[in-house]
Amino acid sequence: LEPVCTSPEAFTLRHPNAPLQVIHGDAPYYNTVWTPSGPLVADFEDATLGPIEWDLAFAGAEVLARYDAVPHELGSRPHDPDALRTMEAARMLQLVACFALVPELPMLGPGLTSFLDQWRASPFAGGLV
């Protein structure tokens, strides 16, 4: 991941169809609160510059299809599958790294164990996708 993710230029060279933009950075469903006035997005401490695929990592086929169906006149673009694979590898590395905290925070163990098993069984464990 290092050759692709350590600079905006390197990422853009590898993923020219996934431009960098302002992203939420931590976009699971529970960071959107549905109110009578419409959705409100919360939890912006991870807002950053990156590809939309970072926020779409591990969203699943149904969410990706719904995202890709958004009208492009709203400024969206369909996700780039290659960039998504890279972002999922980076997210997986992030989750695996969190496993080192389990001795200090044992409550993390049950939630992270499945990610560790998934990483061990994935091509991510062997190197860059």
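Reply: The protein chain has an accessible surface of about 8,200 Å², and carbon and sulfur atoms account for 64% of that area (Shrake-Rupley method, 1.4 Å probe; for residues, only the protein chains shown count as cover). The model is predicted, so local features need pLDDT of at least 70 and side-chain atom pairs count only at pLDDT 80 or more, while totals for chains, interfaces and linings use all residues. Residues are numbered from 1 along each chain as its sequence is written, and side-chain values use heavy atoms, with hydrogens and water left out.

Six helices and four strands make up the elements of the protein chain (DSSP runs numbered from the N terminus: helices H or I of at least four residues, strands E of at least two). From the N terminus their order is α-α-β-β-β-β-α-α-α-α. The C-alpha trace spans about 45 × 40 × 25 Å along its principal axes. Of the chain's 129 residues, 29% count as buried (under 20% relative accessible area; exposed is over 50%, partly exposed in between; 1.4 Å probe, protein chains only). Taking contacts between residues at least 6 apart in sequence, 59% join residues at least 24 apart, where contact means heavy atoms within 4.5 Å.

Glutamate 53 counts as buried because its relative accessibility is 0%. Its side chain makes a polar contact of 2.8 Å with the side chain of arginine 77 (a pair of N or O atoms within 3.5 Å; within protein, one must be able to donate a hydrogen and the other to accept it, and residues adjacent in sequence count only if both atoms are side-chain atoms). Setting aside neighbours within four places in sequence, the contacts of glutamate 53 are Ala18, Arg77, His79, Asp80, Ala83, Leu84 and Met87.

Alanine 18 sits in the loop between helix H2 (8–14) and strand E1 (21–23), and counts as buried because its relative accessible area is 0%. With neighbours within four places again left out, alanine 18 touches Phe11, Pro51, Glu53, Arg77, Asp80 and Ala83. By contrast, the C-alpha atoms of alanine 18 and glutamate 104 are 37 Å apart, across a sequence separation of 86 residues.

Alanine 83 is also in contact with Glu53, and its other contacts beyond four places in sequence are Phe11, His15 and Ala18. Ala18, Ala83 and Met87 are among the eight residues of the largest nonpolar core, together with Val4, Phe11, Ile23, Trp54 and Ala90 (buried Ala, Val, Leu, Ile, Met, Phe, Trp, Tyr and Cys residues joined through side-chain atoms within 4.5 Å). Helix H5, residues 81–98, supplies the largest share of this core, three residues. In soluble globular proteins, nonpolar side chains tend to be buried together.

Past H3 comes phenylalanine 58, in the loop between H3 and helix H4 (61–68). Phenylalanine 58 has a phi near 65 degrees, a positive value in a residue other than glycine. Phenylalanine 58 is partly exposed, since its relative accessible area is 34%.
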